[in-house]
Amino acid sequence: MFALIVKRILLAIPVLLVVASLTFVLVRIVPGGPFDADKNLPPEIIANLNAKYHLDKPVPEQYLLYLGRLAQGDLGVSYKYVNRTVNDILADAFPVSLQLGTISLTLAVLIGVPLGAIAAVCRGRKEDVIAMFLSTLGISVPGFVIGATLIFVFAIKLRVLPVGLWESPWHVVLPAVTLAFSPAAYLARLTRASVLEIVEKDWVRTARSKGLSQWNTVLKHILRNSLIPVVTVLGPLTAIVITGSFVVEYIYAIPGMGRFFITAVMNRDYDLILGTTLVFAVLLIIANTFVDLAYQFLDPRMRIED
Amino acid sequence: MEIVEKAKMPVVAPLDQSVMARIRRIPTAYIALWVIALICVVALLSFMGFSLCQYSFDQTSSDFLAGPSGQHWMGTDELGRDLFSRIVYGARLSIAIGLTTAAVAFVIGTLYGALSGYLGGKVDTFMMRGVDIAYSLPDLLVMILIGVLLGRGTIGILIALGLVSWMGTARLVRAQFLQLKNEEFIEAARAQGQSGWNIVFKHLLPNALGPIIVALTFTVPSAILSESTLSFIGLGLSPPACSWGTLASDGWRSLRAHPHLIFFPSLFIFITVLSFNFLGDGLRDALDPRTRLGKKSR
């Protein structure tokens, strides 16, 4: 297991390098620099600013400078948030997004897994139809529609929850529910497919024929085995939550990674775009490594291969 | 991961007339099919210049921010433009983006996946490794980054959507080909001395078409969702372009005072996406010989 982690870390370095390089090239070949928006800056000042941030140097040299700093863990400075380094901004924003993401994922698991399991056990019956209808609704409603609806009902009409921002625990409720929607629907569909697969297995019939009640079979034999693939979708789930966080942090004005990423893209804040993208990539790599580890831990058959 | 793929990948069944008959027996899918047909016809008519509304989409009036009424079915926006006309007009862009993306995903994804699956071995490993890494990144993240380069026009969005959407199809086609190419009928075709081209396009592809069509049915709604989400957070299309996403984005700003401006565009995005998802689910069930429709399976 230790060897696997080391192997993963070694593999992650070239992947991150590729992500950093591609993003670097992508943002640099775009016409327009970070100081374009300030229309009334005299050209001398823009030239000075460009010189200060090495933006006047040829792109290959900028690239090497960037990689050099990256190797020391320095993600650079923001061109828009004055006097703030990217490390600084991310240190503030990351915990916010992590909290929001973790709460939403937990919520999604608590809703999605039981919903999918019930649907599969009652396959073809009313419960299945309702559960699958709900999960199709869940993947069909855009995040901003859920967000707007929740804000309209609970914050504007009923006035029981805040409209946005990130201050008290009450501020977490609406964003977390909004963000949980699509992973919950995804998990429900996945759990259903997974349980249906297991239900057909011989040992399930054996358990039933030795007299175990239906619910005991479901809980002790089926669910336990069908949860393996569910645990291992953490990778795609992380991707879904990151995607969702762009919208959710935008509409609720939450100072997290997603919001900083979007404003950075709008402002052409090069280093901040690169920094946030790299953090997202690291998150995904960690999630996928965890999935591999979980596989080995949960399913002994997978261990033989190593 | 295996289960995820399986959930997306139906058992192979040839496409034939019975599919339509089977769809007809799944109420959600059948209704969805008609809803989609209706929306497409409206979009097409609007595209060809037949106006279904008494107002033009950019016709302003002094009736600012009116709520829904007999005169303006869905109310008007801050310039007094009729929202219903704008939604009908926006349908063409939203639907066109969804369908074009599916077409791009079909062409690129099928070619790439077919090549990878048919050749197999080292070429396959090499071709799929890159796709695997790119596929695990969040679509929206990749699209925003590509959008930085391509700008916020319709073409830019289409390229960004096309670039991220073919990978799912490629993986599916490859998996189908790997599974099919060891079947006896392919062996028979080989024994007859048929060319690789013939085997891929006349024997393998038609047999893999069912699952590909199911996957494409899910590509359309996800493209529509992505476009509207991008436009909503201000990184997609921007006015004067008019899609359901930009309309919802406009409406968002006046959520408090004029909720109808975001409600109606959202409703249309939702209905369209929901219909495509139901149709996709229905097609998958209709193409899966394991499900016996109309009978209880237990």
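Let's start in chain B, where G210(B), I213(B), V214(B), T217(B), F218(B), V220(B), P221(B), I224(B), L225(B) and S228(B) of α9(B) meet a set of residues from α11(B). On the α11(B) side, the partners are I269(B), T272(B), V273(B), F276(B), N277(B), L279(B), G280(B), L283(B), R284(B) and L287(B). By class, this contact has 13 nonpolar, 6 polar and 1 charged residues. Keep in mind that this is a predicted model.

Now the geometry of that pair. Helix α9 of chain B covers residues 196–232, and helix α11 of chain B covers residues 260–287. They pack at an angle of about 165 degrees. Their axes are 9 Å apart. That angle is over 145 degrees, so α9(B) is roughly antiparallel to α11(B). The crossing of the two is left-handed.

Next, a second pair in chain B. Here we have helix α4, residues 83–119, and helix α7, residues 154–180. The angle between α4(B) and α7(B) is about 40 degrees, and their axes lie 5 Å apart. The two helices are therefore oblique to each other. α4(B) passes α7(B) in a right-handed crossing. The residues of this contact divide into 18 nonpolar, 11 polar and 2 charged.

Over to chain A. What is it built from? Chain A has 12 helices and 0 strands. From the N terminus on, its elements run α-α-α-α-α-α-α-α-α-α-α-α. The C-alpha trace of chain A spans about 85 × 55 × 30 Å along its principal axes. There are 306 residues in chain A, and 39% of them count as buried. Take the contacts in chain A with a separation of 6 or more: residues 24 or more positions apart account for 73% of them.

One residue to look at is V173(A), in helix α7 of chain A. Is V173(A) buried, exposed or partly exposed? It has 16 C-beta neighbours inside 10 Å, so it counts as partly exposed. V173(A) and P162(A) are 11 residues apart in sequence. In space they are 9.1 Å apart, C-alpha to C-alpha.

Last, the two chains together. How many residues does each chain give to the contact? Chain A gives 43 residues and chain B gives 42. On the side of chain A, the elements that give two or more residues are α1 (2–28), α5 (126–140), α6 (143–157), α7 (170–199), α10 (234–251), α11 (257–267) and α12 (270–298). The residues on that side divide into 29 nonpolar, 11 polar and 3 charged.

Notes
Residues numbered from 1 in each chain as written. Chains lettered and ligands numbered in written order. Predicted model: local features only at pLDDT ≥ 70, side-chain atom pairs only at ≥ 80, totals over all residues. Axes fitted to C-alpha atoms, helices over the stretch in contact; angles between N-to-C directions. Helix = DSSP H or I, 4+ residues; strand = E, 2+ residues; numbered from the N terminus. Parallel < 35°, antiparallel > 145°, perpendicular 65-115°, else oblique. Left-handed = near helix turned anticlockwise from the far one by under 90°. Nonpolar A, V, L, I, M, F, W, Y, C, P; charged D, E, K, R; others polar. Buried ≥ 20, exposed ≤ 12 C-beta atoms within 10 Å, placed from the backbone. Contact = placed C-beta atoms within 7 Å.
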